[in-house]
Number of protein chains: 2
Amino acid sequence: MSIFTYNPVLASLVDASIERLAGEEELSASVIRAAVENGSMVLLGNPAHKNLRPILIGQPARVKVNANIGTSPLSGTLDCEIAKVRAALEAGADTVMDLSTGGDLTAIREDILAACPVPLGTVPVYAVAERYIREGKDPALFTTDELFGEIEKQAGQGVDYMTVHCGITREAAAWAADPKNRVLGIVSRGGAIHARRMREYGEENPLLEQFDRLLAIARQHNVTLSLGDALRPGAGQDAGDAAQWDEVIQLGKLAARALEYGVQCMIEGPGHVPLDQVEAQISCIKRLTRNAPLYVLGPLTTDCSPGYDHIAGAIGGAAAVRAGTDFLCYLTPAEHLTLPDAADVREGVMASRVAAQAGETSSPNPLVRARAKKREQAMSAARKRLDWAAMAQHALDPAVVAKRREPHASEEACAMCGSFCSVKMLRR
Amino acid sequence: MSIFTYNPVLASLVDASIERLAGEEELSASVIRAAVENGSMVLLGNPAHKNLRPILIGQPARVKVNANIGTSPLSGTLDCEIAKVRAALEAGADTVMDLSTGGDLTAIREDILAACPVPLGTVPVYAVAERYIREGKDPALFTTDELFGEIEKQAGQGVDYMTVHCGITREAAAWAADPKNRVLGIVSRGGAIHARRMREYGEENPLLEQFDRLLAIARQHNVTLSLGDALRPGAGQDAGDAAQWDEVIQLGKLAARALEYGVQCMIEGPGHVPLDQVEAQISCIKRLTRNAPLYVLGPLTTDCSPGYDHIAGAIGGAAAVRAGTDFLCYLTPAEHLTLPDAADVREGVMASRVAAQAGETSSPNPLVRARAKKREQAMSAARKRLDWAAMAQHALDPAVVAKRREPHASEEACAMCGSFCSVKMLRR
């Protein structure tokens with residue numbers, strides 16, 4: 001019995017898109033089917049999401065990039081968020097997450113789904129907590145039924161993947177929140193809400209205790225579960241501690257259970273991780289989660305770069321992809337400071353795409369590596385010919401080549417070198 | 001006999017600045033003196049450069065960042081270049097290189113030196129070639145005396161360090177320029193000029209053959225030689241080939257000769273290098289050059305990121321610093337496309353500073369690592385307190401914290417999270 005037997009929605013989605021996917025990913029259909037069956041690749045796609053082009057995540061499929069958008073209680077409007085979706089798509093984001101926490105969340109989600117031909121992800125607990133905050137109540141006092149009700153509602157709306165913080169236990173949350181153990185406690189917003197709820201109610205995590213209830217909803221709509229890293233390190237110092245690994249172990253067990261049930265899973269990863277720990281973290285997480293697609297936020301390789309966290313994240317992201325990561329969540333220049341605007345979104349997506357390409361050229365997976373190297377080689381050959389059209393074609397952002405060349409577009413050499421062009425200097 | 005015996009200019013410069021340097025670098029005077037003596041650290045400073053604050057390059061001194069500025073035959077004016085110097089200094093560049101190749105180069109250099117309290121570097125062969133180009137002649141047909149004359153003139157003007165392509169041999173140049181061997185041949189502009197000269201004249205490299213003549217000029221003015229990587233790979237595919245290593249071996253021998261003579265040297269490094277080769281390249285170069293300060297351009301970890309090469313370079317730069325690199329030459333978003341403007345300079349410097357900090361937190365050198373971690377820890381502690389003034393203080397760019405916080409500066413939490421702030425969520 002395979003995942004396709006238990007999840008007929010997924011089976012028909014694969015049948016409908018396998019030819020396109022095989023072409024786009026330069027992989028055979030049998031490689032894709034086998035990877036989806038063993039849980040190392042997922043096909044993001046909820047049939048209720050109209051005009052969606054489902055995509056694959058998990059190597060040897062191409063490494064994908066996600067852009068987080070969404071309002072906050074202090075900032076952001078629907079128009080603004082739609083502009084950010086457009087900016088993300090133009091910059092080449094493969095997926096978008098609506099992390100809205102302010103305004104009419106249901107309506108915003110509906111409009112973003114309609115504007116978004118790529119898979120959309122959410123964090124359902126935000127909407128539950130937001131109602132409590134709006135009514136002046138403690139956001140952690142929501143009921144289990146309210147949380148599952150929200151998940152079911154969003155699945156019905158067409159959300160393709162959801163961050164669900166299933167792996168945080170009451171004990172690990174208390175340990176991580178204790179200042180004796182961690183400098184920065186719990187930095188995941190969803191993780192902090194769940195931790196507060198467990199503390200206030202003195203109860204275990206409902207998403208962990210009633211995991212099969214979640215699986216039933218997810219399977220019905222082919223919602224991919226993005227098993228959240230509620231206990232990811234929020235400071236380089238906290239990376240790799242007992243709380244982080246306790247959660248990874250839980251997530252590995254849950255991913256195995258989900259696969260048996262016919263539900264697709266991804267694993268969310270760190271976080272703030274010093275550069276020399278990235279490879280070890282990624283390979284251990286992949287091992288503990290049986291090679292489920294790994295979705296990392298950064299990792300941020302320094303804590304001191306507010307305003308430039310897209311770069312600190314690209315450094316970690318490239319190292320993570322080199323070590324086998326499948327999916328990069330971008331960081332923008334606004335991280336740790338404010339809500340990103342459309343320009344930040346663009347910068348963030350491009351930084352992650354550079355990281356993905358740099359990591360893929362050094363990937364341990366020979367298919368991933370060969371595909372990335374082909375692009376590198378085409379670019380280098382174009383440079384040798386001073387063929388600017390071909391350079392634009394192979395560039396991650398073709399438009400920027402034309403734009404920056406524009407004032408000197410009639411010159412064969414670039415405006416940095418002119419008659420000092422090294423290529424021309426040695427032409428015979 | 002030590003370098004201080006042969007180079008009294010350096011000896012008195014060290015005496016005059018050792019107290020300040022020890023304080024700034026958080027190192028003892030004896031550690032600094034020993035490192036300068038064994039050639040693993042250099043003190044950049046030409047006494048003719050007025051108002052200069054000499055700086056140290058070479059671990060365990062802090063990793064430094066260089067910004068390249070300068071006109072091109074097609075673009076740039078003196079005002080524009082002075083604005084770029086200011087942008088570089090404001091962004092925290094430790095050194096500046098004037099790579100001008102258009103306009104009155106002597107006058108531009110003089111004005112930049114006057115505007116530049118940090119060490120200034122140049123590539124003297126550019127000025128020699130520029131005169132030939134301006135007169136419609138082959139730029140490679142300069143005489144040996146013209147080249148040494150230019151070097152002497154610039155040393156007299158106060159240039160603190162010079163890129164000199166001493167390690168490229170006639171044989172290696174011919175091999176590298178052959179399309180059978182390399183996709184992108186020789187991409188160093190200075191390297192291409194020397195290669196063309198050797199080809200046209202059928203002669204060996206004068207900087208290699210008359211290296212002692214160079215040393216005499218350098219010692220007189222305490223000009224640090226930055227031994228150029230004329231044969232650095234210009235494509236990921238060309239990384240680590242025979243031509244590159246042949247030059248590194250030459251540079252190692254020349255650096256040893258320079259140290260005996262009393263001249264300070266740095267080694268210039270790659271270039272375009274796939275991420276999985278960066279560590280091996282850096283450690284082999286350091287070994288072959290007896291731990292002389294290593295000054296890398298990037299390395300660029302993908303060829304496909306024009307418009308975002310500062311990010312591809314930051315990825316490689318962080319990996320290089322982690323492997324022991326001492327000095328990062330920035331790349332800007334204009335690389336491979338056009339001459340950078342002041343905004344590009346700012347972005348480039350910041351990207352390299354993020355790379356330096358990320359690399360230093362993972363440095364194999366315990367002194368470097370401990371100093372970097374202290375900053376990381378101070379930032380994380382400030383985040384836990386939601387202490388925005390302290391976050392700005394420990395940030396690589398304090399101004400950006402205030403600027404982006406400004407619309408919501410009265411809020412305790414940031415405008416991304418507001419009432420969803422994870423720190424506040426779990427406060428007791």
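Contact is taken here to mean heavy atoms within 4.5 Å. In the predicted model, 100% of the interface residues of chain A are also interface residues in chain B, so the two copies meet through the same surface. Chain A is superposed on chain B by a rotation of 180 degrees with 0.0 Å of shift along the axis, the RMSD being 0.0 Å. This is the relation of a two-fold axis. Among the residues of chain A, A:Ile315 comes closest to that rotation axis, its C-alpha atom lying at 2.2 Å.

The surroundings of A:Leu225 were examined with its neighbours within four places in sequence left aside. On this basis, A:Leu225 is in contact with A:Met162, A:Val164, A:Phe211, A:Leu214, A:Leu215 and A:Ala218, as well as with A:Val263, A:Gln264, A:Cys265 and A:Met266.

Chain A is divided into domain 1, residues 3-365, and domain 2, residues 386-427. The centres of these two domains of chain A, taken over C-alpha atoms, are separated by 38 Å.

Strand β4 of chain A (residues 95-98) is covered on both faces. A:Thr95 and A:Met97 on one side, and A:Val96 and A:Asp98 on the other, are all buried. Strand β3 of chain A (residues 64-69) runs parallel to β4(A) and is joined to it by four bridges. A:Met97 in β4(A) is the bridge partner of A:Asn68. A:Asp98, buried in β4(A), has A:Thr122 of β5(A) as its bridge partner.

Several loop residues were considered individually. A:Asp229 is located in the loop between β7 (224-227) and α12 (242-261) of chain A. Its relative accessible area is 6%, under the 20% cut-off, and A:Asp229 is therefore buried. When residues up to four places away in sequence are not counted, A:Asp229 touches A:Ser188, A:Glu247, A:Glu268, A:Gly269 and A:Pro270.

Two cis peptide bonds are described. One joins A:Gln59 and A:Pro60, with omega about 10 degrees; A:Pro60 lies in the loop between β2 (55-57) and β3 of chain A. Another joins B:Pro270 and B:Gly271, again with omega about 10 degrees, and B:Gly271 belongs to the loop between β8 (265-269) and α13 (275-288) of chain B.

Positive phi values occur in chain B at residues other than glycine. For B:Asn291, phi is about 65 degrees. This residue lies in the loop between α13 and β9 (294-297) of chain B and is partly exposed, with a relative accessible area of 38%. For B:Leu386, phi is near 50 degrees. B:Leu386 is found in the loop between α16 (366-385) and α17 (388-394) of chain B, and at 11% relative accessibility it counts as buried.

How values were computed
Residues numbered from 1 in each chain as written. Chains lettered and ligands numbered in written order. Predicted model: local features only at pLDDT ≥ 70, side-chain atom pairs only at ≥ 80, totals over all residues. Heavy atoms only, no water. Least-squares fit on C-alpha atoms with pLDDT ≥ 70 in both. Buried < 20%, exposed > 50% of the residue type's maximum accessible area, 1.4 Å probe, protein only. Helix = DSSP H or I, 4+ residues; strand = E, 2+ residues; numbered from the N terminus. Pairing = 2+ DSSP bridges. Domains from an automatic or database assignment.
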